[in-house]
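User: I would like to go through this structure step by step. Please start with the aromatic rings.

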Amino acid sequence: MAVSFLQEPAEMAIVFVGGDELNVGLAFSTPGTPATPLDLTGYTFEAKVFVPQFANPDGGLGSGGYTIGTTAATFTVSPVSLSGGTLSIGLTETQTVALSAATGYRWFFRWSTPAGVTRTIVSGTFTARIP
């Protein structure tokens, strides 16, 4: 019997108007007990918007995939209540106005636990709209 395991981040699309401030609240719970907040004390966080880049690892006609290309913006990560599992990520008006509605961006949010385990928790498309 074949057993497989898939570990992927939750998918969350973000659509915003260029030139507007953007703040997204995130709340995390303990796996298996959604009513219990996940204590994020001691964790470190990273959240970025990037331009995906196609990569073909064998350099030929074989299969390839997308990787993180150029970073277009870096979110400010602000704790709301780390012990309560809540924080927010944000971009300023200056950062969002610099993002093009013609570019197919993606974004990610990842953390490193106090034990040093790094996981990408949420990612998705990131779409600028013209006001």
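Analyst: Gladly. This is a predicted model, so local features need pLDDT of at least 70, side-chain atom pairs count only at pLDDT 80 or more, and totals for chains, interfaces and linings use all residues. Residues are numbered from 1 along each chain as its sequence is written, and side-chain values use heavy atoms, with hydrogens and water left out.

User: How many aromatic pairs are there?

Analyst: Rings of Phe, Tyr and Trp (its six-membered ring) pair if their centres lie within 6.5 Å. By this rule, the count of aromatic pairs is 10.

User: Is the pair Phe50 and Phe108 stacked, edge-to-face or tilted?

Analyst: Planes under 30 degrees apart count as stacked, over 60 as edge-to-face and the rest as tilted. The ring centres of Phe50 and Phe108 are 6.0 Å apart. Their planes stand at 50°, so the pair is tilted.

User: Where do Phe50 and Phe108 sit, and how many residues apart are they?

Analyst: Strands (E, at least two residues) and helices (H or I, at least four) are DSSP runs, numbered from the N terminus. Phe50 is in strand β6 (residues 44-55) and Phe108 in strand β10 (residues 105-112). The pair links distant parts of the chain, and the separation is 58 residues.

User: Are Phe50 and Phe108 buried or exposed?

Analyst: Buried means under 20% relative accessible area, exposed over 50%, and partly exposed in between (1.4 Å probe, protein chains only). By that scale, Phe50 and Phe108 are buried.

User: What kind of pair do Phe75 and Trp107 make?

Analyst: Phe75 is in the loop between β7 (65-74) and β8 (76-81), while Trp107 is in strand β10. Both residues are buried. Their ring centres lie 5.9 Å apart with planes at 65°, so the pair is edge-to-face.

User: Which residues have the most contacts inside the largest nonpolar core?

Analyst: A nonpolar core is a set of buried Ala, Val, Leu, Ile, Met, Phe, Trp, Tyr and Cys residues joined through side-chain atoms within 4.5 Å. The largest one has 25 residues.

User: Which residue lies over the face of Phe108?

Analyst: A charge sits over a ring if NZ of Lys or CZ of Arg is within 6 Å of the ring centre and within 35 degrees of the ring normal. Here the distance from the ring centre is 4.1 Å. The residue is Arg110.

User: Which residues are linked in a network of salt bridges?

Analyst: A salt bridge is a side-chain nitrogen of Lys or Arg within 4 Å of a carboxyl oxygen of Asp or Glu. Lys48 bridges to Glu46, with the closest N and O atoms 3.5 Å apart. Glu46 also bridges to Arg110, at 3.4 Å between the closest N and O atoms. The network therefore links Glu46, Lys48 and Arg110.

User: How many residues apart in sequence are Arg106 and Glu11?

Analyst: Their side chains meet in a salt bridge (3.5 Å, N to O). Arg106 is partly exposed at 25% relative accessible area, and Glu11 is exposed at 53%. Arg106 lies in strand β10 and Glu11 in strand β1 (residues 10-11), so the bridge ties together parts whose separation in sequence is 95 residues.

User: How many helices and strands are there in the protein?

Analyst: Along the sequence, the pattern runs β-β-β-β-β-β-β-β-β-α-β-β. That makes one helix and 11 strands.
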